[in-house]
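Student: Hi! I'm new to this one, could you walk me through a few spots?
Tutor: Happy to, let's look together.
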Amino acid sequence: ATLAALWARKRPYLAVGWLWYLGTLVPVIGLVQVGGQEMADRYSYVPSIGLFIAVVFGLSDLPGRAARLLAPALAAVALSVCLLITHRQLLFWHDSEALYRHMIAVTQDNFAGYNNLGCVLFNQGKNEEAARCYGEALRCKPDYADAHCNLGIAYGALNRLPEARAELLAALRYGPKSSRTHYFLGNRLLADGDLPGAAEHYRRAAELRDDNAEAHYQLAVVCEAQGDIAAAIGEFREAIRLNPSWVEALNNLAWLLATHPDTRFRNGTEAVDLASRAVTLTQTNQAGSLDTLAGALAEAGRFAEAVSTAQNAARLAQSQTNAALAGEIQAHVDVLKQHKPLREQPTASAAAAINPPRPTL
């Protein structure tokens, strides 16, 4: 700083480089918070530009012969050091697991590192080890809502159900506005048979994140199980609006609109459109989607196409060695041949979550 001030007129690049360095340190050293860390040292390359300005222009001020000799030598040294450091760092950046294990090894009580390592291990199917990592994250930071949620998911996968529920409730205490936690707690309550409780948390999950198609889908499943068909149809439609290529949502809504015994809820035209989209997305290789399309065509009065489609579905199920489904579809074929639409009584049970749980880093 003293040299930059003394030589400001004669060597202005020193002042420029030093002031650049000081000014761009502001978002790096924590005066301005960037993320959850105390210091965002990953951005230190920006302040370093100021130092490079001072060094490069300083070299240009050297006598011609000295500059010609010194500049290549310094460049060679700098590149060699960078090569060695890069080679060493690549060992730690080999994959996410190696990176997070290194992060934990070189720091103390790194709750984010433990949580992230747990996520990697959970995605590898190492649920016990993942749960231990989440536990370490909570030892370091007991109010870490994401780690509580992740631990709840891991306990669910380990069939430690009371502990899973307790961790998800703890996650909500520390992070009450987490759409993800409300969603997974809804899944836990749904699996426990608590439909009203599940519906409450699915609704909250959808309110907190307006693109949460999974919450709308699960809420539709619960509403249908509770007999609120109008609400179920609305929630299925919202899930499809948010995720137009979701085959399960397309298929389930199409089946509901095609086969519900109450005429108020049937819509053959919409059912055909939805089921056709599902069949296209599955490349006509899913017997269940073809069966739904057959039911929709029948509701629309297109019985010849319905019979042909159902027969194709039955053959496909048989070729895929799914005898139970093939038999069910063949029964539908027999009904359709009589020019009768398919009708199915709504079930009193709800399905568990369609998507497997994913942890949060």
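Student: Where is V56 found?
Tutor: V56 sits in helix α3, which covers residues 45–60. Keep in mind that this is a predicted model.
Student: Is V56 buried or exposed?
Tutor: V56 is exposed, since its relative accessible area is 52% and the cut-off for exposed is over 50%.
Student: Is C133 buried or exposed?
Tutor: C133 is buried, with 9% relative accessible area.
Student: What about C82, how does it count?
Tutor: C82 counts as partly exposed, because its relative accessibility is 46% and that class lies between the 20% and 50% cut-offs.
Student: Let's switch to T309. Where is its place?
Tutor: T309 is in helix α17, made up of residues 303–319.
Student: Buried or exposed, that T309?
Tutor: T309 counts as buried, because its relative accessibility is 12% and buried means under 20%.
Student: Which residues is T309 in contact with, leaving aside its neighbours within four places in sequence?
Tutor: Those contacts are L290, L293, A294 and L297.
Student: Great, thanks!

Terms used: Residues are numbered from 1 along each chain as its sequence is written. This is a predicted model: local features need pLDDT of at least 70, side-chain atom pairs count only at pLDDT 80 or more; totals for chains, interfaces and linings use all residues. Side-chain values use heavy atoms; hydrogens and water are left out. Helices (H or I, at least four residues) and strands (E, at least two) are DSSP runs, numbered from the N terminus. Buried means under 20% relative accessible area, exposed over 50%, partly exposed in between (1.4 Å probe, protein chains only). Contact means heavy atoms within 4.5 Å.
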